[in-house]
Amino acid sequence: MYPNQTQLNQTLKEYFGYDTFRPLQLDIINSIFEGKDNLVIMPTGGGKSICYQLPAILLPGITLVISPLIALMKDQVDGLHANGISAAFINSSQTANEHQDIFQKITDGKIKLLYVAPESLSFLDTIFSDIEISLIAIDEAHCISSWGHDFRPAYTQLGYLKNKFSNTPLIALTATADKATRQDICNQLNIPNATQHLASFDRKNLSLEVRPGNKRIEQIIDFLKRETNNCGIIYCLSRKTTEMLAEKLQSQGYKAEAYHAGIEHQKRSRIQEQFINDTIQIVCATVAFGMGIDKSNVRWVIHYNLPKNIEGYYQEIGRAGRDGLPSSTLLFHSYADVVQLQKFANTSGNQEVQMAKLERMKQYADSLSCRRKILLSYFGELIQEDCGNCDVCKNPPTFIDGTIIAQKALSTVARIKEQEPIGTVIDTLRGAQNAAVYDKGYNHLKTYGIGKEISWRDWQQYIIQLINQGYLEIAFHENNKLKLTTLSRHILFEGEKVSLAHLQELEKAKQVNIEQVSKAKASSLFEKLRILRLEIAKEAGIPAYQIFNDATLKEMEKVRPMSDEEFLQINGVGRQKMQNYGYQFIKEIINFTSEKKKKRKTSANKGNTHKETFTLYQQGLSIEEIAIERKLAESTIFSHIMKLYENGENIDLNQFINKADIDAIKKAKIELENPDTLKPYFEYFQEAISYNTIKIALAILEERAT
Ligand code: ADP
Ligand code: ZN
């Protein structure tokens with residue numbers, strides 16, 4: 001059986017709610033139906049799951065999914081159920097009875113996808129001969145290779161699967177790009193002829209930004225103001241930093257927690273779960289956090305410290321924006337971090353490789369040209385155009401003649417005999433009056449204080465640029481002393497010109513009115529839908545993003561579907577989810593829209609229209625006359641008058657009512673026992689006295705009473 005394009009599209013919409021396939025998804029699916037083995041390399045968030053989940057729905061037998069993380073299986077199975085797809089998982093945490101139940105369902109043909117950890121495959125031995133396996137998917141396939149960064153011994157037995165089920169197509173999936181690992185995966189899984197599908201690693205929705213690591217906490221708090229309720233991760237180098245940072249953020253009212261390998265297992269799982277369920281907004285973590293987290297609405301990732309290589313960095317920022325919506329990443333770059341990482345690298349096993357990797361990371365952070373180009377070139381992908389979504393593209397540096405700056409720095413380094421690290425060089429340049437300078441008599445040097453006009457921070461940036469251009473270097477083996485290089489003399493003695501990037505006050509430019517932005521966000525339809533989603537998720541005991549991802553909520557906000565048909569048109573709404581949640585979401589959208597309309601009407605009119613009525617009233621016009629003058633209904637003018645009265649304007653209500661009416665209404669008030677609304681009065685008088693008159697009388701009576 002080989003479904004055609006239309007059937008595939010229908011299945012995609014019906015079960016996953018999406019209108020179109022992402023690049024490669026369709027090729028991969030077709031290849032599976034052709035009975036081929038496949039190796040899929042896609043970045044995190046690229047959309048690997050659908051590549052085997054969709055065929056699983058259409059294939060006659062069961063699809064076996066090998067997945068390394070028990071914790072994740074439940075999530076995936078929940079996600080499939082939410083889409084109306086039957087699935088189950090088998091692992092060692094279940095009882096024999098539970099296993100038996102699942103086996104029964106499998107043999108009854110009631111399960112389409114079965115998730116199993118490699119360690120638990122043996123549980124299936126007894127039923128293997130009774131069931132039809134149509135497809136075998138191996139997720140996180142790099143775990144099979146000791147070349148990869150996540151080797152798991154249990155994965156190495158998986159080679160037998162292809163021998164045992166030689167006619168069943170096998171699909172291996174991973175986000176690890178490296179060529180050696182790729183080949184190793186195919187060899188070990190016995191699928192040497194697998195078709196390889198290599199997706200682009202470009203994640204265009206991730207914005208890239210690098211900032212100097214000064215006053216990081218302040219910068220983070222500023223950053224968070226713009227992110228309002230959005231979830232994110234802050235990666236730190238040390239456990240201590242994660243704790244310090246979490247505490248600081250908590251004291252600012254953020255729901256933040258620290259996460260590292262030193263925290264007790266149960267607590268860690270709890271934190272992870274709360275983050276997945278949106279009850280914790282921020283996790284301050286070491287790199288121990290994140291593997292296997294499928295949360296699609298992580299909106300930002302910050303690196304508090306420089307990561308030690310680009311692979312790790314890219315994987316970590318890749319956890320943001322899996323749903324394809326714009327997401328922010330921010331990396332703090334500090335020389336203290338570089339020094340620390342150099343030390344680690346020097347004490348590690350393969351020192352040279354580690355140092356080279358760190359060097360590439362540093363080049364990325366120091367870059368004055370499109371950062372995405374550097375990242376992708378690291379993964380062997382070349383892009384022609386600048387990306388437009390990194391800080392360098394958005395704010396391209398302008399270059400200045402930096403010759404004098406360079407001369408000042410280099411001659412200071414020369415005069416202090418290349419014996420000091422950056423900090424002391426800058427102190428000397430700026431004429432600092434501290435011990436580091438005085439003790440060594442640098443205050444007597446000719447260059448002492450010649451760089452006063454440049455701030456400490458800018459000096460640091462300029463010196464880093466000089467290092468990157470090869471005019472200075474850091475001697476990491478000698479306490480990070482700044483040293484001259486062979487190029488230095490071109491500047492010092494041969495009049496060579498140096499160009500330096502002008503340091504812009506980037507942060508200043510970004511100080512858009514944060515408060516206004518966050519206020520607007522808080523009252524948006526998206527926010528309302530997000531809250532609704534969270535309520536539903538809590539009740540159902542599944543993560544919020546499994547109900548609908550952020551991209552789908554955004555589209556609802558934009559399109560505002562108000563009927564079932566319209567709702568089903570939204571990308572991300574499949575049949576099952578429409579049945580389960582359509583009513584609630586549509587209701588919320590309708591409520592929001594009508595409330596907004598009302599508000600708009602009143603606020604547009606309010607200020608001016610009341611004022612106009614009041615001016616005419618002051619000129620002595622009656623309600624009737626004002627209504628004619630303003631071409632408005634009498635009842636409208638009347639409501640203006642009442643509003644003006646309530647707002648404390650000087651209005652005498654007695655002129656609009658006669659004494660008899662007041663008395664009658666006073667009597668009714670007693671008889672009706674002071675009702676809350678006007679309707680009982682209206683009915684009491686059998687509609688003979690208007691609502692307006694009742695209102696006025698009550699206001700007057702109230703005034704008299706006080
Ligand atoms: P991966 O396993 O490669 O990290 P996922 O399979 O979890 O990625 O998919 C990432 C996100 O992209 C999920 O929210 C998923 O629903 C969404 N997605 C996948 N395919 C499509 C598609 N064709 N159109 C829109 N969204 C998609
Ligand atoms: Zn760029």
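**Notebook: helices, sheet and cores**

I began with two helices: H17 (residues 403–415) and H20 pack at about 90 degrees, with 11 Å between their axes. Helices here are DSSP runs of H or I with at least four residues, strands are runs of E with at least two, and both are numbered from the N terminus. Axes are lines fitted to C-alpha atoms, for helices over the stretch in contact, and angles between N-to-C directions run from 0 to 180 degrees. H17 and H20 are therefore roughly perpendicular, a label for angles of 65 to 115 degrees.

I noted that the model is predicted: local features need pLDDT of at least 70, side-chain atom pairs count only at pLDDT 80 or more, and totals for chains, interfaces and linings use all residues. Residues are numbered from 1 along each chain as its sequence is written, chains are lettered from A and ligands numbered from 1 in the order written, and side-chain values use heavy atoms, without hydrogens and water.

**The sheet**

I then looked up the open sheet of seven strands, which has the order S3-S4-S2-S5-S6-S1-S7 with parallel pairing. Pairing requires at least two DSSP bridges between two strands. Strand S3 (87–90) and S7 stand at the edges with a single partner strand each, so one side of each has no neighbour in the sheet. On average, neighbouring strands are turned by 20 degrees against each other, direction ignored.

Which residues of strand S1 (residues 38–41) are buried on its two faces? I found Asn38 and Val40 on one side, and Leu39 and Ile41 on the other. Buried means under 20% relative accessible area, with a 1.4 Å probe and protein chains only. S1 runs parallel to strand S7 (residues 195–198), joined by four bridges, and leucine 39 stands opposite glutamine 196 in S7. Four bridges also pair S1 in the parallel sense with strand S6 (residues 170–174), where threonine 174 is the bridge partner of isoleucine 41.

Strand S2 (residues 62–66) pairs with strand S5 (residues 133–138) over five bridges, in the parallel sense. Threonine 63 of this pair stands opposite leucine 135 in S5.

**The core**

Last, I looked up the largest nonpolar core, which has 101 residues; Leu64, Leu124 and Ile138 touch the most other members. Such a core is a set of buried Ala, Val, Leu, Ile, Met, Phe, Trp, Tyr and Cys residues joined through side-chain atoms within 4.5 Å. Its largest share, six residues, comes from helix H20 (residues 456–468).

Conventions: Buried < 20%, exposed > 50% of the residue type's maximum accessible area, 1.4 Å probe, protein only. Parallel < 35°, antiparallel > 145°, perpendicular 65-115°, else oblique.
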